[in-house]
Amino acid sequence: MFKTLFLVIAVAAGGLALYPEWRAAHQAPPQLTIRYKAGSPATAAVAQPWLEVVNTSKKRVLLSDVTIRYYFTGDGASSYAFNCVQAAVGCSNIAGETVAPADPGTTADRYLQISFTTGAGSLAPGAKSGAIGLQLYRPDGRKLNQLNDRSFNAADTTFQASRMVTGYLRGAHVWGDEPTGRTSSTGPTGSTGSTGSTGSTGHAAASAPGSSVPRPRPAHPRGIVFDDFHYSGPDDPALHAHGWLVRTSPGGPGIHDTWSAAGVSFPAEKSAVGGQVMQLRATTDGTKASTKQAEVQSSGTDFLTGTYAARIYFNDKPTSGRNGDHVNESFYTISPNNSRYSELDNEYMPNGGWGAPGPKLDTTSWYSADTGDRVTHKLVSSLQGWHTMVITAVHGVATYSVDGHKLFSSGGKYFPRQNMSINFNTWFVDLPFTGPRAWDMQVNWFYYNADKAQSLADVQKSVNGLYGSGTHYVNTVSKH
């Protein structure tokens, strides 16, 4: 009897001793797998990480509960920015930010954190999010060296599961190896475990995976467009994907046939919300041959009624060269043809133009470009610096305002009759003298709400909310 009891105890003890080895060999699969591929060489002006989320659990997963971190090493003290080029779930449903953690690693002193709105939907067990094409770049235009970036792997030219990219589900670390040494693991019950120190991320507690469960971001309302112009240059594929065209076509206004992409850039700017702007530069030496004007216009989205708003930096003096040009710094909407012509203008001329002195802002509602049928209002005042321009067009009345101060309203036949594009440009009315000079206008952000007239306070509240959620681009307006 005692021999039998001893045998049972010995077997039980042996079973307990072997359990850790059995558990290590029979772990449940991770709840998520993050797949990665490299879209650019190690040295590039723009890093192009592609990511994909795979639901490897047995339950449906909301993408709004998922957060991803892509780790890299900063090249100098430059700031970094990102944008989304394309995503099966829609770039409008993706938010992100670059973060410098409090405990940097030798190959990871920064990370790009990506999250999703509820509009991204959910993944059934075994389902994939589809490809998410991102870009990471320096607003100063300098190239990146990715050889010392933890998450970069030039050999991954097709999607591969990457443990150098980490994934979080409702704030819990469920995939990949963090730079601090924390490795995701999933026990038989599905709980997460860790080894090593988690350290401090230096990220806001409200959205930091592993510190508290972030609240899912709601889907953006229908009928809005927002862009804070986080792009690497005029040839950035995300710029075109988000519905913007850099004009190089012939024609007017201004000095005809002088539109060039050379004047369009997206520099870092400390005075701008989000730290980056779209800059439109017009240059000349007084001859048509040397003149270059700059314009960026929307394409593919239907704009008609609602609220249009943009934060713009107007200049009263050239960035370089002699002052005195009749230069036009503009934000306006315009229809594509004359059949039901529609145009709503903001044109700032610091030195005046067309025989009228400046500084002045002309706000104009058009009925016919062929006959010049329009109504206009002139504000004679300097607008040097940042200003928020708002146009509302609802219930048959178009109203213009600057920084919340109403300028004038138009209605009747001067109300928009057909869909329009959004246009920002800097151009010369004429060329009064010789000598090289350059004029810059900057745009911090653009916002549109198709459904209603919004006050400046309402616009600013919406824009602040988008910035606060890490959202750089949204378009939930119907497209043609």
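Trainee: Are Trp244 and Phe446 buried or exposed?

Mentor: This is a predicted model, in which local features need pLDDT of at least 70, side-chain atom pairs count only at pLDDT 80 or more, and totals for chains, interfaces and linings use all residues. Residues are numbered from 1 along each chain as its sequence is written, and side-chain values use heavy atoms, without hydrogens and water. By relative accessible area (under 20% buried, over 50% exposed, partly exposed in between; 1.4 Å probe, protein chains only), Trp244 and Phe446 are both buried.

Trainee: Which kind of aromatic pair do Trp244 and Phe446 form?

Mentor: The structure holds 21 aromatic pairs, with ring centres (six-membered ring for Trp) within 6.5 Å and planes under 30 degrees apart stacked, over 60 edge-to-face and the rest tilted. For Trp244 and Phe446 the centres are 6.0 Å apart and the planes stand at 85°, so the pair is edge-to-face.

Trainee: How many residues apart in sequence are the parts that this pair ties together?

Mentor: Trp244 belongs to strand 19 (residues 244–246), a strand being a DSSP run of E of at least two residues, numbered from the N terminus. Phe446 belongs to strand 33 (residues 437–449), so the separation in sequence is 202 residues.

Trainee: Which kind of pair do Phe303 and Phe446 form?

Mentor: Both Phe303 and Phe446 are buried. Their ring centres lie 6.2 Å apart with planes at 75°, so this pair is edge-to-face.

Trainee: Where does Phe303 lie?

Mentor: Phe303 and Phe446 tie together parts 143 residues apart in sequence. Phe446 is in strand 33, whereas Phe303 lies in the loop between strand 22 (294–298) and strand 23 (306–314).

Trainee: Which residues form one aromatic cluster with Trp244, Phe303 and Phe446?

Mentor: Trp244, Phe303 and Phe446 belong to one aromatic cluster.

Conventions:
Helices (H or I, at least four residues) and strands (E, at least two) are DSSP runs, numbered from the N terminus.
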